[in-house]
Amino acid sequence: MRSPDPLVSENQPSPDGEDISPFYDWKSSVMANAFTDPYFRAVMMHETEVFPHLAGFIEDTCLTCHSPMARTHAHQTGVSLVQDESCLLEDGCYRADQALEDPSAREGISCTACHQITDSVLDGYVHSGDYEIVDENHPDAFTIYGPYQNPRGQAMQNQVGFTPEYGMHMGDSRHCASCHDLFTPTLDMVTDEPNGEVFPEQTPYTEWAASDFGPDGSTTTSCQQCHMARQEISENYQTRIAVMANGAVNLNWPERIPYFPHVMVGGNTWLLETLELFREELGRANINEEGEFAATAELTRELLKTSADLVPANAAFSGTELAFDLTITNKTGHKLPTSFPSRRIWVATRVTDSAGAVVFDSGFPDKNYQLTVDAAFTSDACMAIKKPAGFDSSACYQPHINRVTTPEEIPIYEVVMGSTTNAITHVLLYASVSLKDNRIPPSGFDSSVVPPEILPEGVDGDADFNLNNAGQDTITYQLPMPETAKPPFRVESTLYYQSIRPTFVDAAHGEHPWIREFETIASINPPPAEVLASANFTVDAVE
């Protein structure tokens, strides 16, 4: 399938257009590389090194969503499962070493994972990998669900042995929730055993459901509508979805609208650039041509730049103090940022005076995309897995910042995990509470009625945080100016996003080759700081 030529028709494929067929888009996506992801592999193996008595259970749990086809097949057939003391499952556990041998594991989340999940996701809240794919003895075995009614099935049956069928759930966000809302078991910091509680590792679906974009919101928009889209593909783009085996078009097949591109962009430019940079080392050179991952990374940046606004207001200079407000507006359907707790956004600001001298500078990352405050947050004391009794975690992360008066007060929006002893932790299975969650909610998010697992934390006293459920936060700047500084002042502010912040990079350490691989990759290609929005304005003296 090809993208359209807008000079000819915005709704018809062009013979010279970019290849946007499902397989081509998918193979350079994060979904296709869910198992190849070096950070995922490193985190999984780090958790098994911290908890070797649960290694089998940990790997099987992670691979439920990162290698769903192979893991599902193993448990349905009883083949390739390992039973030992580290496995808590009766039938055995699917292990990472086996996944390396199974091609269907290395394909990550592929067609026959998403498209075989049944409509049971519509029956209730399905999360944490509890999706259903029926086994080969079920009457609906080898059924492929799609978003189009009355599909023509013979060609697919003849070519690949699957029967296409309309599935309403394929366009429903609950389908995505089956893996993208994830609750992980909490292990007691003292005993290293599960305490029966769970931690909301990521909840983008629940956040979306509580927003204006959710099913009861004013502007209902599904996950698929945002994340399975390309700017050049309109809602009226028509396609026959498939061609015949020889590449010819069967004109008897119906044209369908809309078309959902399968590039499935999110927010992880680091992984895509890593896959581009290390295509050969990560086993992708024979699958992806040079430039494919880089192109998907650019599509991801385009999406990121639609996620937020940064707007100044109330700017004034009194003679000794420069004051202004910056309001961040979340334009997504979930928290900003969302998903894995390693993510953060922050505001950087630089002020220059009439002579061009820098009179205030705060929050701009260095060449490795680290902030000045990160040195303290990655100290040995903060990064120790086991903290002493009464450990003070306040020096290990930035509290919520509502008012900026010094360069060290960098407004950072993130999740900070706490253990059962309320000490900061970067070990996922030790996570019990959020010491901080000031991520900006989506519009329509009402803290008085949302589920407790998605409530903000650490924003008490900030009266304008998500004021009127508008999905915003306003930061007040009151900056003392040196006597030598003269107006007009030029203010440059940037809203940055980072998918893996330095503390999480440092936390993924250990002896396993996958951990060492990630350490090497991250040293060569550190997780970047992507620009979400910016605001540049001038402030003169008060008349």
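Cysteine 223 is buried, with a relative accessible area of 19%; buried here means under 20% relative accessible area, exposed over 50%, and partly exposed in between, using a 1.4 Å probe and protein chains only. The closest cysteine sulfur to that of cysteine 223 belongs to cysteine 176 and sits 4.2 Å away, too far for a bond. A disulfide, for the record, is counted when a pair of cysteine sulfur atoms lies within 2.5 Å. Cysteine 176 is likewise in no disulfide, and at 21% relative accessibility cysteine 176 counts as partly exposed.

A quick word on what you're looking at: this is a predicted model, in which local features need pLDDT of at least 70 and side-chain atom pairs count only at pLDDT 80 or more, while totals for chains, interfaces and linings use all residues. Residues are numbered from 1 along each chain as its sequence is written, and side-chain values use heavy atoms, with hydrogens and water left out.

## The three disulfides

A disulfide is a covalent bond between the sulfur atoms of two cysteines. Searching the whole structure turns up three disulfides. Count the bonded cysteines along the chain and the pattern reads 1-4, 2-3, 5-6.

Let's start with cysteine 65 and cysteine 179, which form a disulfide with their sulfur atoms 2.0 Å apart. Cysteine 65 lies in helix α3 (residues 55-66) and cysteine 179 in helix α9 (residues 173-180), so this pair ties together parts that are 114 residues apart in sequence. Helices here are DSSP runs of H or I with at least four residues, strands are runs of E with at least two, and both are numbered from the N terminus. The link between cysteine 65 and cysteine 179 is left-handed, with -95° about the S-S bond. Cysteine 65 is buried at a relative accessible area of 15%, whereas cysteine 179 is partly exposed at 22%.

## The other two links

Next up, cysteine 87 and cysteine 93 form a disulfide whose sulfur atoms are 2.1 Å apart. With 90° about the S-S bond, the link of cysteine 87 and cysteine 93 is right-handed. Cysteine 87 is buried, with a relative accessible area of 8%, and cysteine 93 counts as buried at 0% relative accessibility.

Further along, cysteine 382 is joined to cysteine 396 by a disulfide, S to S 2.1 Å. This pair links distant parts of the chain: cysteine 382 is in helix α15 (residues 380-383) and cysteine 396 in the loop between α15 and β9 (403-404), 14 residues apart. The link of cysteine 382 and cysteine 396 is left-handed, at -85° about the S-S bond, and both of these cysteines are buried.

## Salt bridges

Over the whole structure, the search finds 23 salt bridges, each one a side-chain nitrogen of Lys or Arg within 4 Å of a carboxyl oxygen of Asp or Glu. Take arginine 230 and aspartate 25, whose side chains meet in a salt bridge at 2.6 Å, N to O. The two come from distant parts of the chain, 205 residues apart: arginine 230 is in the loop between α11 (223-227) and α12 (269-277), and aspartate 25 is in helix α1 (residues 22-27). Arginine 230 and aspartate 25 are both buried. They also belong to a network of salt bridges that links Glu18, Asp25, Arg230 and Glu232.

Lysine 27 lies in helix α1 and glutamate 292 in helix α13 (residues 292-304), so the pair ties together parts that are 265 residues apart in sequence. Lysine 27 and glutamate 292 are both buried. Then there's arginine 95, whose side chain meets that of glutamate 59 in a salt bridge at 2.9 Å, N to O. Arginine 95 lies in the loop between α4 (68-77) and α5 (96-101) and glutamate 59 in helix α3, so parts 36 residues apart in sequence are tied together. Arginine 95 is buried with a relative accessible area of 16%, and glutamate 59 is buried with 6%.
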